[in-house]
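Subject: A structure for you to look at

Hi there,

Here is the structure I promised to pass on to you. Have a look at it first, and then read my notes below.

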Amino acid sequence: MDITPLVPKGKQVITGYGNGQFKVSGQVYTTPILVFPDRTVLWDIKPNAAISLENLNVVLEEEGEIDLLLIGCTKSQMAIPPKIRTALKEAGIALEIMDTGAAVRTYNVVLAEGRRVAAALIAV
């Protein structure tokens, strides 16, 4: 039985992760990435660095285009400062934090549902 979600053509699907890398729509990335439905960009954050408004600016620029941001932060939960949560909320973007594997799987499912989702991912 094939349980691969059906994702519309041209959308960024995460097809693999692990060993310090991601595979998104056939492209391999070895750095943290931001995945949007229509593109994947390198995320300027170090693996153990704090998430800031500066390094999430590209997501905030998507105001009106993204409804949900999934943050995949290795295998442990990461605290997000209240000012970041407030800025995202004011932009109409809900935030969910989870381990990277869960964020990858959730992103693909939510994308397949046709929802406006982005994922900020740190490699495991």
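How many bridges join strand S4 to strand S5, and do the two run parallel or antiparallel? Strand S4 covers residues 33-36 and strand S5 covers residues 39-42; they run antiparallel, and four bridges join them. Please keep in mind that this is a predicted model. Together, S4 and S5 make a hairpin, with two residues between them. If you want to see how the strands line up, find valine 35, which has threonine 40 of S5 opposite it.

Now for proline 37, which sits in the loop between S4 and S5. Is proline 37 buried or exposed? Its relative accessibility is 13%, so proline 37 counts as buried, the cut-off being under 20%. Leaving out residues up to four places away in sequence, proline 37 touches Gly10, Lys11, Gln12, Ile66, Tyr107, Leu111 and Val117.

What kinds of residues make up the lining of the largest pocket? Seven are charged, five are nonpolar and one is polar.

Next, look at glycine 114, in the loop between helix H3 (100-112) and strand S8 (117-122). Glycine 114 has a relative accessibility of 58%, and because the cut-off is over 50%, it counts as exposed. Between glycine 114 and proline 37 there are 9.4 Å from C-alpha to C-alpha, although the two are 77 residues apart in sequence.

The last stop is asparagine 55, in the loop between S5 and helix H1 (57-60). Why does asparagine 55 count as buried? The reason is its relative accessibility of 13%, since buried means under 20%. The side chain of asparagine 55 reaches the backbone oxygen of alanine 50 at 3.4 Å. Setting aside neighbours within four places in sequence, asparagine 55 is in contact with Trp43, Asp44, Ile45 and Ala50.

Enjoy exploring, and write back with any questions.

Best wishes

Definitions and conventions. Residues are numbered from 1 along each chain as its sequence is written. This is a predicted model: local features need pLDDT of at least 70, side-chain atom pairs count only at pLDDT 80 or more; totals for chains, interfaces and linings use all residues. Side-chain values use heavy atoms; hydrogens and water are left out. Two strands pair if DSSP finds at least two bridges between them. Ala, Val, Leu, Ile, Met, Phe, Trp, Tyr, Cys and Pro count as nonpolar, Asp, Glu, Lys and Arg as charged, and the others, Gly among them, as polar. Buried means under 20% relative accessible area, exposed over 50%, partly exposed in between (1.4 Å probe, protein chains only). A polar contact is a pair of N or O atoms within 3.5 Å; within protein, one must be able to donate a hydrogen and the other to accept it, and residues adjacent in sequence count only if both atoms are side-chain atoms. Contact means heavy atoms within 4.5 Å.
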